[in-house]
Amino acid sequence: ATFTDASKFNTAVNGLVSGATYIFRWTIAGLSPCPATNDDVVVTNYQPLLNNTISTPTLTLCNGQIVTITGASPTGGNNLYTYVWQSSTDGITWQNINGQTNKDLSLAITTNTSYRRLVTSATCSSTSNSISINALPPIATNTIAGNQTICTTNTPAALTGSQPTGGDNSNYNYSWEQSINNGTTWTSIVGISSIGYTPPALTQTTLYRRIVTSAACTGSQQSVSNVVTIRVNPNAKAEFTYTNDVGCVPFVINGTNIKAVPYPTQNATYTWYANGVLIGSGINFPGYTINASNQSVQIKLVTKSSLGCVDDEMVHTFSTRQDVNPTFTSSATAGCGPLAVTFTNTTPATPGVTYKWDFGNGVTSNLANPGSIIFQADPLGEDKEYIVTLESTSPCGTSTATTKVTVRPQPISAFSPDKTLG
């Protein structure tokens, strides 16, 4: 360091080295015998403040988004730094941002704004470059319309959507969501990106909404529309239960056997038919009787919708069992004993029928066709009659058929002379 004139009390010093500390002494010599006096002053020449720059990866954000501006770590001064962030809406007038004294800046942006950072270290100060952030207006006027009520499996009318505003005011991206649990959860509708939407045929009440994004206005800054509800009414439902659909003559089908299942929220009327002929109306079955065996009837319930939707019907067949009247033939009805007779069951084959034979000679059988049976002659030489019975048993009861087998004894030779002596 050099003085311009070291003999002057107010001289200048040149050539100070940056970052160095100097002690300067000023000495005044008086007349003898007075001693000289001096005074020291310490001067620190700080390094200049450098590297005070700021940056951000995004210069366009949506209104309300958080902007993060990163400040570089400065150098110089006494290595102790204080920060003040400033903002300006015109790039000319700058104002301090309250509470923003960190190295970096993070805050929500609501309008087009420029930012810069002031750094102070000891007696040194520095103003950074400025960054201008463009704040897009929030997306607005995102509304949809189309509340409606339809019947199940019908196709709803198209849902219409308004033209949004905000964002970049030009480019808008649309997506649609639906909910089938009254808005508790929402699922995206794949492949739909139009301003409006026509749902497919529906079988349950469904809610819809539209999501709009534009430029930086995405995520938490996207716009979610109002909700449109498509209420789906069920068709009429015809259903009845029964306890028995097969019976014996007379088969009385009554309200204890057949019961309609009520659907009060969707059925207006209940009408009953037997083989297409009206037999009554109302939820209670009016009754029907089948009076002949091996006959059937179709009972039909027709319900009319109370909601203007599709009517419904249910049909079921009820029938009577075949009457079983046993018949059989025998290979012989009379003869000399021992007499072998073959019995053939000629009863029409009917499921669920069992047979019992009683041949009157102590022999019985549960076979449908018992084969050949031996009948013995009377040991006393008299004709003997055997009553043969075939008994058939079905769920509807028991019937019998009988026949008679006569067994004659073998002839016995006998004579007596008119005299035995002569």
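A: Here is a walk through the disulfides, one by one.

This is a predicted model, in which local features need pLDDT of at least 70 and side-chain atom pairs pLDDT 80 or more, while totals for chains, interfaces and linings use all residues. Residues are numbered from 1 along each chain as its sequence is written, and side-chain values use heavy atoms, without hydrogens or water.

A search of the whole structure finds three disulfides (pairs of cysteine sulfur atoms within 2.5 Å). Counting bonded cysteines along the chain, the pattern is 1-3, 2-5, 4-6.

Take Cys 62 and Cys 217. Their S to S distance is 2.0 Å. The S-S torsion is about 95 degrees, so this disulfide is right-handed. Cys 62 lies in strand β7 and Cys 217 in the loop between β21 and β22, so the pair ties together parts 155 residues apart in sequence (strands are DSSP runs of E, at least two residues, numbered from the N terminus). Both cysteines are buried (under 20% relative accessible area with a 1.4 Å probe, protein chains only; exposed is over 50%, partly exposed in between).

Next, Cys 151 joins Cys 309, S to S 1.9 Å. The torsion here is about -90 degrees, so the disulfide is left-handed. Cys 151 is buried at 12%. Cys 309 is buried at 11%.

Finally, Cys 248 joins Cys 396, S to S 1.8 Å. This link is left-handed, with -95 degrees about the S-S bond. Cys 248 sits in the loop between β25 and β26, and Cys 396 in the loop between β39 and β40, 148 residues apart. Cys 248 is partly exposed at 21%. Cys 396 is partly exposed at 33%.

Technical notes: Helices (H or I, at least four residues) and strands (E, at least two) are DSSP runs, numbered from the N terminus.
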